[in-house]
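Me: I am new to this one. Please show me how to read it, feature by feature.

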Amino acid sequence: MTVVIHWEAFFQVLGAALVGTLVVVGFYALGLRMLVRSGHSPVVTPVEFTDAITVISAKEAKRAAKAAAKAAKKSPLSRGQKTIALVAAYGCFALCAAAVLSGILLIVVH
């Protein structure tokens, strides 16, 4: 019994995985950047964990939310530029979702 490796197919899958990863991570990072530029910085509320994970207190979360609101007020962008940045952020997140869905469709259809 001989094992045959189809190197061309292997490199096609490798290339598709690398490109897909770069697209999803790149557009997600760009979307977060545009979201922050538009003045809508995401603030995550603290969660209680049972292990040795450091949890921020409610006071620290409130301080972070206050700092984010203050930074949003100090933005040098005009109202129109903030709107454009917000639309760009949603567009980047939509492209991330489209890339993930196209990957799932490729797996399901083929």
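**Reading the fold**

Reply: The protein has three helices and zero strands. Helices (H or I, at least four residues) and strands (E, at least two) are DSSP runs, numbered from the N terminus. This is a predicted model, where local features need pLDDT of at least 70, side-chain atom pairs count only at pLDDT 80 or more, and totals for chains, interfaces and linings use all residues. Residues are numbered from 1 along each chain as its sequence is written, and side-chain values use heavy atoms, with hydrogens and water left out.

Me: In what order do the elements run from the N terminus?

Reply: The order is α-α-α.

Me: What share of the residues counts as buried?

Reply: Buried means under 20% relative accessible area, exposed means over 50%, and partly exposed is in between (1.4 Å probe, protein chains only). Of the 110 residues here, 12% count as buried.

Me: How do I look for a pocket, and what volume does the largest pocket have?

Reply: Rolling a probe the size of a water molecule over the atoms shows where empty space is left. On a 1 Å grid over the protein atoms alone, a pocket is an open set of points where a 1.4 Å probe fits, with protein on both sides within 12 Å along at least five of seven lines. The volume is the space filled by probe spheres set on the points. The largest pocket has about 320 Å³. Its lining has 14 residues, and A16, A17, G20, G103 and L106 are the closest to the centre. Lining residues have an atom within 4 Å of a point.

Me: Which helices supply at least two residues each of that lining?

Reply: They are α1 (7–37) and α3 (79–109). By class, the lining of the largest pocket has 11 nonpolar, three polar and no charged residues. Ala and Leu count as nonpolar, and Gly is among the polar ones.

Me: Is A97 buried, partly exposed or exposed?

Reply: A97 has a relative accessible area of 39%, so A97 is partly exposed. G91 counts as partly exposed too, because its relative accessibility is 31%.

Me: Where is W7, and how exposed is W7?

Reply: W7 sits in helix α1. W7 is partly exposed, because its relative accessible area is 48%.
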